[in-house]
Amino acid sequence: MYKLVNLPNGKELILRVADNAFIPKDGANTDYQAYLKWVAEGNTPQPADEGA
Amino acid sequence: MASTINASTSPAAIVQTADGTANLSLQSNGTTIAAITSTGLAVTGALTTNGVTGSPYTMKNRIINGAMVIDQRNAGASVTPTTTGYTLDRFNAEVSQSSKFSVQQNAGSVTPPVGFANYLGVTSLSAYTLLAGDYFDINQPIEGFNTNDLAYGTASAKTCTMSCWVYSSLTGTFGGRIYNNTANKSYVFTYSIPTANTWTFITITFAGDTASALSNSNAATLYVQFALGVGSTYSTASTNSWIAGNYLSATGATSVVSTSGAKWYVTGVQLEVGSSATSFEWRPYPFELSMCYRYYYQETPTEYYYPFACYVSTIGVAGGKWPVTMRAMPTMAVTAASYVKNIPNSPYQTAITSITTDPTIIGFGVYGTVSGMSAGQCYNSGFTLTASAEL
């Protein structure tokens, strides 16, 4: 399970809920590759918190 | 052509010939050992130099942590992979089923091969019957920037040799492969462990793939993989040549995970250019550790203090730099064990909560919520953090 996170500096990262790890949107990051595959399989991440 | 100086045994003499060129060949019984030309000295025989009898660290070994010295994640503790993931630094346990074996640095406490202090130890946790689609292996993916001199995909593709020490409670023929991740091609090999519970030195020499290039990038190119049990889907009888497809092992190879309590240990893993194995390349510990840091780094709050600036009384930000530039923007986790103090040795500290991180390849930011602080002030903070840019 993943959740989108907006940082105070305007960046958006992906939170991997299982271990509270933040995944940057870098195509060379294998965790981000796994996230993109998960999305391609029809899954949707939880939205970022309002006002975050 | 060249003039020669030949040390001859029959007849016993130093025989000199001159051919009028500016080249000189030093020979032993007519065999050229070294040649001097206008461009330099070329040594074709073995070169031994006082003070360099060990292996100078020239990165001849493309494997990182091949001596199994560094274990950042587990510090020598046993882990049981439930999914595919890294164990000792740079060594990945790939599993299709959960909890079929454990991995531990120096598992079983056997004496390593002479010259080594550590090994990676696998212990089978059950007598598992392999399904067709099963795969269990220990592997290391190599980054493209460390293989782009191998000239794969050209007529000059270089022959390489993988060597290591292996030990098992089982005997027989084991399997593994070199994998071209860029082109999805496999070079499946076998090796024999003839005597149980005895270290055996193995070498696998494989021709460079002239047909398929490797990515010149920070992506994984070549994998070295040791099979611990592979089903028929990923096994092949086509060994010792490059074949298209994802084949992890040889048909009929010994399955470690199919014998409860079976042990399989490895150390001294080396992948080098050339058609024969040379002595293991010892690199200084800080050098090897830094190479590992490119892919994984962790620290605890007692190891470093970071300035933590509260831009409001309850929210602050800290930043730091990785010890080395990471391979990619890493996945980063910071746990609630992280804290802020108003001075380094203050008895007062407060946990950082609602943590978010901002990792890049050279450093990171940490945003968090604290209490008892003042806006516009800077404090000391320590983090329990991990950063992974593994392949």
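Tutor: First, a term: rings of Phe, Tyr and Trp (its six-membered ring) pair if their centres lie within 6.5 Å; planes under 30 degrees apart count as stacked, over 60 as edge-to-face and the rest as tilted.

Student: OK, how many aromatic pairs does the structure hold over all chains?

Tutor: There are 29 of them. This is a predicted model, where local features need pLDDT of at least 70, side-chain atom pairs count only at pLDDT 80 or more, and totals for chains, interfaces and linings use all residues. Residues are numbered from 1 along each chain as written, chains are lettered from A and ligands numbered from 1 in the order written, and side-chain values use heavy atoms, without hydrogens and water.

Student: Which residues form an aromatic cluster?

Tutor: One cluster is made of Tyr293(B), Tyr297(B), Tyr304(B), Tyr306(B), Trp322(B), Phe364(B) and Phe383(B).

Student: And which rings have an Arg over them?

Tutor: Arg73(B) has its charged end over the ring of Tyr296(B), 3.8 Å from the ring centre. Arg90(B) is placed over the ring of Tyr295(B), with its charged end 3.8 Å from that centre. The test is CZ of Arg or NZ of Lys within 6 Å of the ring centre and within 35 degrees of the ring normal.

Student: New topic. How many residues of chain A and chain B are in contact?

Tutor: On chain A, 18 residues are in contact with 19 residues of chain B (heavy atoms within 4.5 Å).

Student: How many salt bridges and polar contacts are there between chain A and chain B?

Tutor: Between the two chains the count is one salt bridge (Lys or Arg side-chain nitrogen within 4 Å of an Asp or Glu carboxyl oxygen). Ten residue pairs, both at pLDDT 80 or more, are in polar contact (N or O atoms within 3.5 Å, one able to donate a hydrogen and the other to accept it; residues adjacent in sequence count only if both atoms are side-chain atoms).

Student: What does S3(A) supply there?

Tutor: Strand S2 (12-16), strand S3 (21-23) and helix H1 (30-40) of chain A each supply at least two residues of the side that touches chain B (DSSP runs, helices H or I of at least four residues and strands E of at least two, numbered from the N terminus). S3(A) gives the largest share, three residues.

Student: Back to salt bridges: how many over all chains?

Tutor: A search of the whole structure finds 13. In one of them, Lys11(A) meets Asp358(B) at 3.0 Å, N to O.

Student: Why does that pair join two chains?

Tutor: Lys11(A) lies in the loop between strand S1 (2-6) and S2 of chain A, and Asp358(B) in strand S26 (residues 353-359) of chain B, so the pair joins two chains.

Student: Last one. Is the peptide bond from Ser10(B) to Pro11(B) cis or trans?

Tutor: That bond is cis, with omega near 0 degrees. Pro11(B) is in the loop between strand S1 (3-9) and strand S2 (12-17) of chain B.
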